[in-house]
Amino acid sequence: MQKRTLGNSGLEVSAIGLGCMGLSFGYGPATEKQQAITLIRTAYERGVTFFDSAEAYGPYKNEELLGEALAPFRDKVVIATKFGFDFNAEGGQSGLNSRPQHIRAVAEAALKRLNTDVIDLLYQHRVDPAVPIEDVAGTVKDLIAEGKVKHFGLSEAGSQTIRRAHAVQPVAALQSEYSLWWREPEGDILPVLEELGIGFVPFSPLGKGFLTGAINAQTTFDDKDFRNTVPRFSTEAREANQALVDLLGEIASAKQVTPAQIALAWLLAQKPWIVPIPGTTKLNRLEENIGAAAVVLSADDLAAIEDAVSKVTVQGDRYPAHLQARINR
Ligand SMILES: NC(=O)c1ccc[n+]([C@@H]2O[C@H](COP(=O)([O-])OP(=O)(O)OC[C@H]3O[C@@H](n4cnc5c(N)ncnc54)[C@H](OP(=O)(O)O)[C@@H]3O)[C@@H](O)[C@H]2O)c1
């Protein structure tokens, strides 16, 4: 697979990474361990060198999984993980925590779980209003100086926060939601990233599965699936948003590719420093998603996609209200 560099950081990764969250967390029961290891190793064999995790995925279990799965080729891959939460006894997130001491403790624990002596990319998972971003950036700067971390990232940070953090420790990448049904970063985020030379890692690039056409208003989710709480996945919203998937499906058929590949190729076509990280638990979908790196969208294709998107007003918030409140704008 082609490689891309995240902004001016020099951090080179496969054009499409693997979002590993769903293997342990978020979308129903965790994938059986050997199956998950096979999926991660197959991704590497197919050219994926960028693997995304977080302390919160499990919590802890996803980092442990990556530590085991990636051990045979640790020096050939880039592992990204995240800090920024406290957890209750049941493993639920009990609040934000980016205090310097906590960041250090999480980084040390993540190094052990990931079975490595350096974290390639360490993101703050959500901006913590209780801790100045300069203190967060300064702490990661110290971890970089100590050789425990290579690069610093932010997630769902607003443009002012990005500027302030970057002034203390250059930010290699911002990881925020961006896809054909969530284009807010095109406002003030992408211009700031371009100006400062920061790479962009769109999460949920397949719209949490919806943009692939595999989900419709009749789909039922596992009791533990986070999408049960997302307004954009209410039955009414799915009914309304189906029109977008249908239009994208027509464009995909005409190009003899799949809707998932259109969604990923569209992101790749936006900027050369964008690296989406689709998540899947299934080998056939992994192949399909990796295949998107070879899909070239012409100016006419991009215009047809733009036209399709302009015809549908997407219904439903992308997060329930209590989680939306954590987004830094
Ligand atoms: N920074 C943050 O706050 C944040 C938030 C969310 C996610 N993330 C990261 O971003 C990664 C990706 O985001 P995401 O998992 O939320 O959403 P996504 O990649 O947009 O979609 C994942 C969902 O789509 C399904 N899927 C994947 N490929 C498919 C295909 N080709 N055809 C049909 N269905 C397909 C998967 O189901 P199957 O498993 O059944 O294939 C899964 O339910 C995560 O793994 C995580 O690493 C970060």
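Helices (H or I, at least four residues) and strands (E, at least two) are DSSP runs, numbered from the N terminus.

## Basis of the model

This is a predicted model, in which local features need pLDDT of at least 70, side-chain atom pairs count only at pLDDT 80 or more, and totals for chains, interfaces and linings use all residues. Residues are numbered from 1 along each chain as its sequence is written, and side-chain values use heavy atoms, with hydrogens and water left out.

## An exposed loop proline

Pro129 sits in the loop between strand E8 (119-124) and helix H4 (133-145). Its relative accessibility is 74%, so Pro129 counts as exposed. Pro129 and Ser98 are 31 residues apart in sequence. Their C-alpha atoms are 9.0 Å apart in space.

## The ligand site

A polar side-chain atom of Tyr27 lies 2.6 Å from a ligand oxygen. For Ser204, an N or O atom in the side chain is 2.8 Å from an oxygen atom of the ligand. Met21 uses a polar backbone atom, 3.1 Å from a ligand oxygen. Taken alone, the ligand exposes 910 Å², and the protein buries 93% of that. Accessible areas come from the Shrake-Rupley method with a 1.4 Å probe; for residues, only the protein chains shown count as cover.

## Backbone features

Ser204 has a positive phi of about 45 degrees although it is not a glycine. The residue lies in the loop between strand E11 (199-203) and helix H7 (235-255). Ser204 counts as buried because its relative accessibility is 14%.

Glu156 also has a positive phi, near 55 degrees, and is a residue other than glycine. Its place is the loop between strand E9 (149-155) and helix H5 (159-168). At 0% relative accessibility, Glu156 is buried. The peptide bond from Gly58 to Pro59 is cis, with omega near 0 degrees. Pro59 is in the loop between strand E4 (50-52) and H2.

## The second largest pocket

The second largest pocket has a volume of about 170 Å³. On a 1 Å grid over the protein atoms alone, a cavity is a set of points where a 1.4 Å probe fits but cannot get out, and a pocket is an open set with protein on both sides within 12 Å along at least five of seven lines; lining residues have an atom within 4 Å of a point. Grid points are joined across faces, edges and corners, and a volume is the space filled by probe spheres set on the points.

Helix H2 (residues 61-70) supplies the largest share of the lining, five residues. The lining includes Leu23, Ser24, Lys33, Lys61 and Glu68. Its residues divide into three nonpolar, three polar and five charged.

## Further positions

Lys82 belongs to strand E5 (residues 78-83). With a relative accessible area of 1%, Lys82 is buried. Lys82 and Glu63 are 19 residues apart in sequence and 9.9 Å apart in space, C-alpha to C-alpha.

Thr116 lies in the loop between helix H3 (100-113) and E8. Thr116 is buried, at a relative accessible area of 15%. Its C-alpha atom is separated by 33 Å from that of Arg227, 111 residues apart along the chain. Asp307 is in helix H10 (residues 299-310). At 39% relative accessibility, Asp307 counts as partly exposed. Asp307 and Phe87 are 220 residues apart in sequence and 44 Å apart in space, C-alpha to C-alpha.

Notes. Polar contact = N/O pair within 3.5 Å; in protein donor to acceptor, adjacent residues only side chain to side chain. Buried < 20%, exposed > 50% of the residue type's maximum accessible area, 1.4 Å probe, protein only. Nonpolar A, V, L, I, M, F, W, Y, C, P; charged D, E, K, R; others polar.
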